[in-house]
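Thanks for coming, everyone. I'll take one structure today and walk through it from the whole chain down to single residues. Please have the viewer open.

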Amino acid sequence: GYVQSGHGKDALKLFGKMQCESVKPDKVTFIGILKACTGMTAMEQGTQIHAHIIQHGFGSDVFIASTLIGLYAKCGNV
């Protein structure tokens, strides 16, 4: 919801709150938060999210990989 409405910062805050409360993110959550980072060109946060993606076993997911490529491309790291 936040990302589609252009509220990327709120999406990042909610993701942080989820982490503090030990809520395990799923693939949809990671795609949404990556889109938030892309929209804000928040490379540092995107890199941190990428590490979480790997930790949670989603590193080989095609949809997440595509979203990561978009993030790195928009932030000039491809």
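**One chain, from fold to residues**

Let me start with Thr41: at 44% relative accessibility, Thr41 counts as partly exposed. On that scale, buried means under 20% relative accessible area, exposed means over 50%, and partly exposed is in between, with a 1.4 Å probe and protein chains only. Thr41 sits in the loop between helix 2 and helix 3 (43–55). Its phi is positive, about 45 degrees, although Thr41 is not a glycine.

Some ground rules. This is a predicted model, in which local features need pLDDT of at least 70 and side-chain atom pairs count only at pLDDT 80 or more, while totals for chains, interfaces and linings use all residues. Residues are numbered from 1 along each chain as its sequence is written, and side-chain values use heavy atoms, with hydrogens and water left out.

Now the fold. The protein chain has 4 helices and 0 strands. Read from the N terminus, the order is α-α-α-α. Helices here are DSSP runs of H or I, at least four residues; strands are runs of E, at least two; both are numbered from the N terminus.

What about overall size? The C-alpha trace spans about 35 × 25 × 20 Å along its principal axes.

Next, packing and surface. Of the 78 residues, 32% are buried. Take the contacts with a separation of 6 or more: residues 24 or more positions apart account for 60% of them. A contact means heavy atoms within 4.5 Å. The accessible surface comes to about 4,900 Å², and 57% of that belongs to carbon and sulfur atoms. Those areas come from the Shrake-Rupley method with a 1.4 Å probe; for residues, only the protein chains shown count as cover.

Charges, quickly. There are 7 positive and 5 negative side chains, and the centres of the two sets lie 4 Å apart. Lys and Arg count as positive, Asp and Glu as negative; His and the chain ends are not counted. Each charge is placed at NZ of Lys, CZ of Arg, CG of Asp or CD of Glu.

Back to single residues. Which residues does Thr38 touch, not counting those up to four places away in sequence? They are Thr67, Gly70, Leu71 and Lys74. Thr38 belongs to helix 2 (residues 27–39). At a relative accessible area of 17%, Thr38 is buried.

Ala73 is in helix 4 (residues 62–74). With 46% relative accessibility, Ala73 is partly exposed. Ala73 and Thr41 are 32 residues apart in sequence, yet 9.9 Å apart in space, C-alpha to C-alpha.

Ser22 is another non-glycine with positive phi, about 60 degrees. Ser22 lies in the loop between helix 1 (8–20) and helix 2. At 65% relative accessibility, Ser22 is exposed.

Last, the cysteines. How many disulfides does a search of the whole structure find? It finds 0, where a disulfide is a pair of cysteine sulfur atoms within 2.5 Å. For Cys20, the nearest cysteine sulfur is that of Cys37, 16 Å away. For Cys75, the nearest is again that of Cys37, at 8.2 Å. Cys20 is also exposed, at a relative accessible area of 71%.
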